[in-house]
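Please have a look at the model first.

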Amino acid sequence: MRSLGLLVPGLLLALPLAARAQTDAAPDEGATPATSSVAATAAAGAGAAGAGVLSVGLLPTPAEVGGAAWDEACRLPAGSPLALRAQAALFPSLGPAHFCAGCPPPSPGLASGQQGLAALDLRVAQRIFDIPLVLNDEVRELIHYFSEGSGRKHFERYLQRSGSLIPFLQRHLARAGVPRDLVFLSMIESGYSLHAYSSASAVGLWQFMKPTGLEYDLRIDEWVDERRDPEASTEAAARFLSWLHGEFDDWFLAFAAYNGGPGRVGRAITRLGDDDYWSLCRKKALPTETCRYVPKIVAAAIIGTYPEAFGFQRPAPVLDAFTYDVVEVRRPRALTDVADALGVPVEALKEANPSLRKWITPPVPVGDPPFRLKLPPGSGERFETLRESLPVASLHQAGRVHVVEAGETLWGISRRYGLSTDALIRANALADPGSIRPGQKLQIPGQSAPPPRAAALIRRGPLPEFHHVERGESLWSIARHHGLTTRTLCELNQLDCGPKVDLAVGQRLRLKPAADAPVKQAEAEPVRFHTLAAGETLWQLSRKYGVTVEEIQAWNAIEDPTDLKIGQQLRIAP
């Protein structure tokens, strides 16, 4: 939930005065006093806008008006048209239940008649962001690149995709207890493309490399690649970014580590004794790509939140995007058979299930959970009716023959079908992989087992007590794999966390405090309560009080962290 301190300047909230008087007649819901600051602003706008129309301008912060305007805005009768429109403008990030379909999109903090950065007051803008903002030369350069330079055409394409993705991604980020504005990191990583594929083999909205995706429980094998699944990949990205923030205690450094690797960022900090991202870049301690990465995110956040100020058209939010019926299947089903039975285009099934690497659902070994197949809304019941009549697909249907075209390489063909070059070599008994020729037919294998380590990492159990170091592992990779920080590992094992910690193959590292470890006795901490203010999130409270989001949810029986109310009393200690 972003800061709730801004209304769209000049936003006309149409409500006939007679209707407002009728709605405000219920005293138990609280009517807005005629002498209030909101009423005064509305009255000032009514003269210009015409009788019976309220014009609400920029709402001051609680500090500026002692909270009076906030109290009055929140006391509007919940069912009135004015309340619904005010919610849409005041609370744009609370989730789909708070959106007003007929309201213009929010664009708070813009100076009338100005364009570009001249239209923004960053002191005002920062109130609605939950990631830090900075406007320095590096960010200005990237804002110019995206809004006026050669990057404009790319940014326009990203914005066109964002109408359906941003509301969806923000809901999942909020549920994970991380900032909603991390959606702009996804914009820079993939341009909001589910099928983005980099030259370094990073895949999906969040551009996970395969090892990192496996460490964060994404299924990646011959049949399924959850890096392309928007829900699964966003949950994994939220966990990874949360870990990075815990490791560096700074979002800019966390972003840099997401791009350049936490080991590289950690070594740069230790080597220079400097933990300021901008300073590290100016000292050339980080790669050029990483030093442009963070200002790209900040620039994207500013333009993406205020597109009109930079000459872009704001896409209408699609709040019901990625809504499907879900059915569980254990036996392989060809998507063409399912589509024919349901009377839907097979492309719609493929679009609903971007993680499927073939036009067939995967076989499910005994004891494994079934595959969750997504169907167009309203077709789940029909699928269940027809389930027994649907043919079980032969695994050979997953295999194909590829005819080599001029200029193709074995590596390019293997990437196209999501296979390794070794798998193609074995399937076709190729003696010389470099001698394939146009017109040659290659068998594309239909079934293979994932590598042993990949299978082991797809699902992790509870945290073990010890970890035995394997070849190639580092302290930070071990910490990340088990959801710990390197600082915690060092403390548990009395290690000196310098720029490089030497580990030996087979070395045993403790992951939990010993059962007989002395416990420091302390007086029981008194139960604390926090009154939720406008703009506060559970993540912010967890940082403030040194607890976790999950603990706050448990202490207060909160199921949905986006469903919070201003003035709500939250228990902070058990």
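**Helix packing and nonpolar cores**

Helix α7 passes helix α15 in a right-handed crossing (right-handed if the near helix is turned clockwise from the far one by less than a right angle, left-handed if anticlockwise). This is a predicted model, in which local features need pLDDT of at least 70 and side-chain atom pairs count only at pLDDT 80 or more, while totals for chains, interfaces and linings use all residues. Residues are numbered from 1 along each chain as its sequence is written, and side-chain values use heavy atoms, with hydrogens and water left out.

**The chain overall**

- The chain has 25 helices and 10 strands, taken as DSSP runs numbered from the N terminus (helices H or I, at least four residues; strands E, at least two).
- Of the 574 residues in the chain, 48% are buried (under 20% relative accessible area with a 1.4 Å probe, protein chains only; exposed is over 50%, partly exposed in between).
- Among contacts (heavy atoms within 4.5 Å) with a separation of 6 or more, 66% join residues 24 or more positions apart.

**α7 against α15**

- Helix α7 (residues 137-147) packs on helix α15 (residues 288-305) at an angle of about 60°, with the axes 8 Å apart; axes are lines fitted to C-alpha atoms, for helices over the stretch in contact, and angles run from 0 to 180 degrees between N-to-C directions.
- That makes α7 oblique to α15 (angles under 35 degrees count as roughly parallel, over 145 as roughly antiparallel, 65 to 115 as roughly perpendicular and the rest as oblique).
- Residues of α7 including L142, I143 and F146 meet a set in α15 that includes V298, A299 and I302.
- By class, this contact of α7 with α15 has 9 nonpolar, 1 polar and 4 charged residues (Ala, Val, Leu, Ile, Met, Phe, Trp, Tyr, Cys and Pro are nonpolar; Asp, Glu, Lys and Arg charged; the others, Gly among them, polar).

**α12 against α15**

- Helix α12 (residues 251-260) and α15 pack at about 125°, with their axes 9 Å apart, and are therefore oblique to each other.
- Their crossing is right-handed.
- F255 and Y258 are among the α12 residues in this contact, and Y293 and I297 among those of α15.

**The cores**

- The largest nonpolar core has 95 residues, and F255, Y258 and F310 are among those with the most contacts inside it; a core is a set of buried Ala, Val, Leu, Ile, Met, Phe, Trp, Tyr and Cys residues joined through side-chain atoms within 4.5 Å.
- Helix α15 gives this core its largest share, 10 residues.
- A second, separate core of 20 residues includes V327 and L375.
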